[in-house]
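Me: I am new to this structure and would like to go through it in short questions. Please show it first.

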Amino acid sequence: MIFDAHIHFDGELGLSDSVKYFNDFFDEFGISKAIALAYCNWTESTDQLSANFKCIWLKKQMPKRMFAYMSLRHNFEKPFSADDYYNQLCEGMAMGFDGVKFLDGKPDIRKRIGFKLCDSRYDKVLEKLEKDGTPIVYHVADPLKNWHDPKSIDYYGDDSFTTKEELYAEVEEFMKKFPKLRISFAHFFFLAAELERAADFLDRYENVSFDLAPGREMFHELATDIPSAREFFKKYKKRLIWGSDISNMMIHDDYCRDIYKIYNNVFGNGEKFFAVDADFTPLGIDEETMEYVRYKNQLAISGDTPLPVNDQAVRDAIANFRKEKLVLPEKEQAEFEEICRDFGV
């Protein structure tokens with residue numbers, strides 16, 4: 001069984017076709033449960049302002065196998081206050097979200113937001129999340145090469161971007177304020193090449209975990225010292241979470257199936273294999289450890305059953321969203337209106 005704690009709902013497919021796609025994909029690869037992570041204000045061209053409504057809708061269509069985490073929206077023209085963010089959180093949790101996704105630590109998003117991850121404007125939100133034990137998935141940093149290689153898809157080589165070390169320092173500051181946060185840092189916290197540092201961080205914060213959603217560079221970094229990787233996985237087997245980062249956006253090039261081809265081979269034993277665009281070396285992680293990684297760890301965090309969707313709270317949130325008179329791209333607007341109809345608005 002697999003509990004995939006890191007997927008996204010966006011992209012080319014329409015709403016109903018996406019439900020069929022996810023159900024078929026989950027059946028094919030033995031995914032019992034998954035978490036759809038919303039992200040608002042992703043890029044300037046695709047802000048995904050209605051992403052929370054898409055994810056809560058998807059959760060309602062797949063009530064036994066789909067959990068959903070909300071995302072906070074930002075206002076880049078008139079920045080929100082601490083109370084604004086807190087009210088967003090309360091509204092989302094009332095709708096029936098199972099947790100919260102932060103993309104705020106991705107360098108291009110952090111640049112747009114314009115204030116630190118440890119800024120006091122987040123404090124009311126983080127205080128409530130810590131108090132309630134609400135699960136969080138937080139994307140912080142990116143592969144180090146993105147700051148040095150101009151050919152990187154996301155290149156952060158000028159001084160307008162926060163450095164990787166500065167982002168880690170900001171995380172340390174908010175973790176000092178809220179050390180009991182139940183938080184999973186996505187993509188191994190981009191520390192697969194620094195296992196001693198990763199271990200130190202996990203040792204200091206008992207409720208922190210790392211998800212294993214690729215960046216594929218993570219697997220290459222772990223393979224540079226396989227004995228150390230095996231030792232790390234065994235020691236922290238209850239702190240590592242299965243996540244794939246698949247979505248309904250990338251199906252046309254079979255990317256999602258390629259990711260699961262990697263996953264189904266890279267943790268086991270055997271010969272080197274080719275997938276997507278590179279050779280991968282199996283890490284030989286023991287099966288007991290992988291049972292925790294694939295399923296048990298996220299099950300311990302989320303439980304077996306998603307929280308129920310509160311239709312009236314969704315309708316109230318839709319009404320509030322409409323009052324803002326936000327301009328959505330044509331396709332997103334059409335999907336938002338379809339979601340509204342399904343919730344009886």
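Me: In which loop is F189 found?
Reply: This is a predicted model. The residue asked about lies between a strand and a helix, and the loop that holds F189 is the one between β6 and α7.

Me: Is F189 buried or exposed, and what is its relative accessible area?
Reply: Buried means under 20% relative accessible area. F189 falls under that cut-off, so it counts as buried, with a relative accessible area of 2%.

Me: What is the phi of F189?
Reply: Most residues other than glycine have a negative phi. F189 is not a glycine, yet its phi is positive, at about 60°.

Me: Which loop holds H187, and what is its phi?
Reply: H187 is found in the loop between β6 (183–185) and α7 (195–204). H187 is not a glycine either, but its phi is positive, about 60°.

Me: Is H187 buried or exposed?
Reply: The cut-off for buried is under 20% relative accessible area. H187 has 7%, so it is buried.

Me: What span should helix α6 have, and how far apart are its end C-alpha atoms?
Reply: Helix α6 covers residues 164–177, which makes 14 residues. At 1.5 Å a residue, α6 should span 20 Å. The distance between its end C-alpha atoms agrees with this, at 21 Å.

Me: Which residues of α6 are buried, and what arc do they cover?
Reply: The buried residues of α6 are K164, L167, Y168, E170, V171, F174 and M175. They are on the same side of α6, because around the axis they cover an arc of only 155°.

Me: How far does helix α3 reach from its first C-alpha to its last?
Reply: Helix α3 (residues 82–95) has 14 residues. At 1.5 Å a residue, 20 Å is expected. The reach of α3 is close to that, at 20 Å.

Me: Which residues of α3 are buried, and where do they sit around the axis?
Reply: A82, Y85, Q88, L89, G92 and M95 of α3 are buried. Their arc around the axis is only 155°, which puts them on the same side of α3.

Me: What covers the buried residues of α3?
Reply: Both strands and helices take part. The cover includes the strands β3 (66–71) and β4 (99–105), and the helices α2 (51–61), α5 (123–132) and α12.

Me: Which residue follows α3, and what is its phi?
Reply: The residue that follows α3 is G96. Its phi is positive, near 115°.

Me: At what angle do the axes of α12 and α13 cross?
Reply: Helix α12 takes in residues 311–323 and helix α13 residues 330–342. Their axes come within 11 Å, and α12 passes α13 in a left-handed crossing. The axes cross at roughly 145°.

Me: Which residues make the contact of α12 with α13, and how many are nonpolar?
Reply: On α12 the contact is made by I318, F321 and R322, and on α13 by F336, E337 and C340. By class, two are charged, none is polar, and the nonpolar residues number four.

Me: Where is L326, and which residues is it in contact with?
Reply: L326 is found in the loop between α12 and α13. It counts as partly exposed, at 31% relative accessibility. Leaving aside neighbours within four places in sequence, L326 is in contact with L49, R73 and F321.

Me: How far apart in space are L326 and S50?
Reply: In sequence, L326 and S50 are 276 residues apart. In space, C-alpha to C-alpha, the distance between L326 and S50 is 9.7 Å.

Terms used. Residues are numbered from 1 along each chain as its sequence is written. This is a predicted model: local features need pLDDT of at least 70, side-chain atom pairs count only at pLDDT 80 or more; totals for chains, interfaces and linings use all residues. Side-chain values use heavy atoms; hydrogens and water are left out. Axes are lines fitted to C-alpha atoms, for helices over the stretch in contact, and angles run from 0 to 180 degrees between N-to-C directions. Helices (H or I, at least four residues) and strands (E, at least two) are DSSP runs, numbered from the N terminus. A crossing is left-handed if the near helix is turned anticlockwise from the far one by less than a right angle, and right-handed if clockwise. Contact means heavy atoms within 4.5 Å. Ala, Val, Leu, Ile, Met, Phe, Trp, Tyr, Cys and Pro count as nonpolar, Asp, Glu, Lys and Arg as charged, and the others, Gly among them, as polar. The expected span of a helix is 1.5 Å times one less than its number of residues. Buried means under 20% relative accessible area, exposed over 50%, partly exposed in between (1.4 Å probe, protein chains only). The arc is that of the directions from the helix axis to the C-beta atoms.
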